[in-house]
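Here's a quick look at one chain, meant to be read with the coordinates open. Have the viewer ready before going on.

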Amino acid sequence: MSKQGFDYWFQWQVPVCALLFIIPAVVAVRYIKKEKAEPLRSFDLWNCCWRNLSPIWLLLYRAFSFICLAWMLYSTVSITGPFVFFFYTQWTFSLVMLYFALGTVISAHGCWMSTKKSSSEEGTTTFEEEEFKDKIKLSSSHAKKEINQNAGLWGYLMQAMYQTCAGASILTDLVFWCLLVPLLANVQFELTLLIGCLHAVNVVFLIGDTALNGLPFKWFGFAYFVLWSCLYITFQWIVHACGFMTWWPYPFLELNTPWAPLWYWRYFIFPVIGYTHNFSKPKIMFCPDCFHELLLG
């Protein structure tokens, strides 16, 4: 790597690369503001999308995923120290872990409230909500209230984290397995079981959660991923501009090369193209009748 000094930040690549992530960030913010009025029901946050499958299973899955991710992150930090958080992998891995932590709490609250409400209305009839092809039976008066209730701040935060994790996890694993492992394995790092798991289980757990949950998955979610990636690049630029680091954690972030704009463009565009395809399309393909309204409505 070249020595970074005052002249380093006055190369022509710097403003070009800056525009390549500033413009998407501005577009993403405008897009989120435009779409944020779309309602999100609290019922979607903790209920399963499969008929007759209790939301308890989703709760257990999220709790198990959180414990596994927390253990792997703890093991990584205990071995290498907090230095690992200079890498995008740990940013994304931590976000996925926090998503499952919040999802576990929300699922537990939803299951507890539904059980409490059902037991408090003995003698009332139960029914399956036709709109959602309900997976659990709730007492009628509370079912309508529960399903039509807006998610609130924590619910929208959970959805934003879910949408961000999808794109960020795809980016992390694609870059690692398709670029870093073939070119840099056994040169700049050793591929161990723990490192391999860090770049695989995040997507695996998210796919499992997607197969179970009832969260709507729409195109506007890619904007959260774009902002997340822009935030990481901004962090790296600030760290390097202030002189705290003189090397880049990923070779394609290096600005002292005429290919820098191409790398910055490439790793923003490719994950966005596969964003919805990799998560929502299989769900619709294998059960189109059950998920049509949930995913596309």
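What follows covers the annotated segments, the core, a charged pair and a surface patch.

## Annotated segments

Keep in mind that this is a predicted model. The unreviewed UniProt entry carries a "transmembrane region" annotation on residues 12–32, 53–74, 86–108, 165–185, 191–212, 219–239 and 259–276.

Two of those stretches show what the model does there. Residues 12–32 come out as 95% helix and 0% strand, with 31 Å between the end C-alpha atoms. For residues 86–108 the figures are 91% helix and 0% strand, and the end C-alpha atoms sit 33 Å apart.

## The core

The largest nonpolar core counts 66 residues, and Leu69, Tyr99 and Trp237 have the most contacts inside it. Helices α1, α3 (55–80), α4 (88–119), α6 (153–184), α8 (201–212), α9 (222–241) and α10 (260–273) each put in at least two residues. Helix α6 gives the largest share, with 14 residues.

Zoom in on Tyr99: beyond its neighbours within four places in sequence, its contacts include Met158, Met161, Tyr162, Cys165 and Leu206. Arg62 and Asp209 are also among the residues Tyr99 touches.

## A buried charged pair

How many salt bridges does the model have? The count is one. Asp209 pairs with Arg62, with the closest N and O atoms 2.9 Å apart. Asp209 is in helix α8 and Arg62 in helix α3, so the pair links parts 147 residues apart in sequence. Both Asp209 and Arg62 are buried.

Leu19, Ile23 and Val27 make a nonpolar surface patch of about 280 Å². Leu19 belongs to helix α1 (residues 13–35).

Terms used:
Residues numbered from 1 in each chain as written. Predicted model: local features only at pLDDT ≥ 70, side-chain atom pairs only at ≥ 80, totals over all residues. Heavy atoms only, no water. Patch = residues over 30% accessible without salt bridge, like charges linked within 9 Å, V, L, I, M, F, W, Y side chains within 5 Å. Areas by Shrake-Rupley, 256 points an atom, 1.4 Å probe, with all protein chains shown as cover. Salt bridge = Lys/Arg side-chain N within 4 Å of Asp/Glu carboxyl O. Helix = DSSP H or I, 4+ residues; strand = E, 2+ residues; numbered from the N terminus. UniProt positions renumbered as here; feature names shortened; annotations may be inferred. Core = buried A, V, L, I, M, F, W, Y, C linked by side-chain atoms within 4.5 Å. Buried < 20%, exposed > 50% of the residue type's maximum accessible area, 1.4 Å probe, protein only. Contact = heavy atoms within 4.5 Å.
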